[in-house]
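Here is a friendly note to read alongside the model. Keep the picture open and work through the points in order.

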Amino acid sequence: MTIHLSLLLWLPTIAGLIGALLGRRQAGGVALVGAALALAYAIVAVTRFKSGGGLQFVTDEPWISALGTRWKLGADGLNLFLVLLTTVSFTASTAWAARKGGYDRPRVFFFWMGLAHSAVLGALLAQDLLLFTVFFDLMLVPFLFLTGMFGGEDRVRAVVRLFIYTLVGSLLMLAAAIAFAVLAAGDQPISFVFSDLAARGPIANGSQNWIFLCFAAAFLIKMPAFPFQGWMPDGYLNMPLPVLAVFSGVLSKVAAYGFLKICLPFFPHASAHFQTLVLLIALASILYGSAMAFTTTNTRLVLGYSSVAQLGFIVLGIFSLRPEGAQGALLQAVNHGLVVVPAFFIVGLLAARAGSDDLRDMGAGALRAPVLAALFLVVALATLAMPGSSNFAGEFLILLGVFRAKIVIAIVAFAGVAMASVYMLRMFIRAVHNPAGAGMESLELSAGDGLILVPLVLTIVALALYPQVALVRSERAVGAAVAAVGTGPVQSATAARLAESGGAP
């Protein structure tokens, strides 16, 4: 079987369009079939991927020849498990939305979900800088419509703030991408293809600096990281639950991927020059997100601010500029997505039973819904990086890399680990062990909800038992990206061999 990445990319959109044409009743089911087929296709790609084999399953066709850009897609160690995470998250969220229903225009809803799914896959699979920029901007458009049409009472404010923040980042990225391609070309024809840009070598240090800052701003806004998180509270409070689950679980990971795929290999001087600045931003995100997650009682915002903190850890690992730190960051990106999606579904169920998203209105879940409480416990322990969980492996590698790069920052970052245990245990205990609120219903997890939640939790457990399945496949690509910066002695033997052989990003 030949892996055609263009088919994987467009399957969700095609299914969403077919469902929209068939009618209201069929829209959700057809969209779910398309998402599930994309998931199955991604699983096949992961099983057929050859560790250490570089870019695989390549699709390379002319696109806009006059601009020097091509329709080039490929899978490597950096994006392989993020693609799998995307298909898992969107399949679960589409199933949740199809099961719960309640949308006035289901055909429109599921079409936008399918387009969002395709756009995220396109950004991850793109091997052309302009193509990446197009998909990076496109993936936000469906979420604006999904929030504006199906969101909460304050959805207009949420959409406006989200649009303004991300528009600034998108314009900065577009300008930086064009400038980089022009400067890299010199007297040669302009090309946006990653392999061509890599072959032409790094641009001048001064140009690297300002172009890096433009890309970094776009990525940090999308995550979001402190102090670019101003759009986050309104967005998290007003997005429909299945939309919020994939937004938090997947979109931010594309930004983290962009740092590894673009910033480190193509702007090595700037990455080293601004290392301390980015590490301080990441550290501020950890502390700010953890503190805010501890002080709020809204379950959506607890998970939102915890995501800010977790993404701070991911950026911390990447800009340790050490192979172990970057590998931990990539593993943690997958971990966080797998954990936050079921976490949103679980708090959504608890909120439906309590009639409120506020922790103070919840309780008695352990007594009245023991299966749901048990699933919540697994998710909570994974979030706080309990030893034995895959999150523990990811955070350990991140902190190891930062400890070897900037010991003071690593020591302060340890506080974020302790704070995570506080806010997650606080949310779990209040939600399932406190006396029930006045409106709390005694409904256990239904079979339909279990069919969605249980596989997600089992996936978390499986990755906890064998995180090496992701680490082995990403080792070569991550080592090459970090070795391109060359800020100090490479710590792992594999990364050292890559640096000597000039491993391509």
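1. The largest pocket holds about 550 Å³ of space. On a 1 Å grid over the protein atoms alone, a pocket is an open set of points with protein on both sides within 12 Å along at least five of seven lines, and lining residues have an atom within 4 Å of a point. Points are joined across faces, edges and corners, and the volume is the space filled by probe spheres set on them, the probe being 1.4 Å. Of its 25 lining residues, L39, L84, V88, L338 and T459 are closest to the centre.

2. Please keep in mind that this model is predicted: local features need pLDDT of at least 70, side-chain atom pairs count only at pLDDT 80 or more, and totals for chains, interfaces and linings use all residues. Residues are numbered from 1 along each chain as its sequence is written, and side-chain values use heavy atoms, leaving out hydrogens and water.

3. Which helices build the lining of the largest pocket? At least two residues each come from α2 (24–48), α3 (80–100), α15 (323–354), α20 (447–465) and α21 (468–483). Helices here are DSSP runs (H or I, at least four residues), numbered from the N terminus.

4. The second largest pocket has a volume of about 460 Å³. Among its 24 lining residues, Y103, F150, P240, L241 and R300 lie nearest the centre. Helix α15 gives the largest share of this lining, five residues.

5. Now look at helix α7 (residues 155–185). After α7 comes G186, with a positive phi near 60°.
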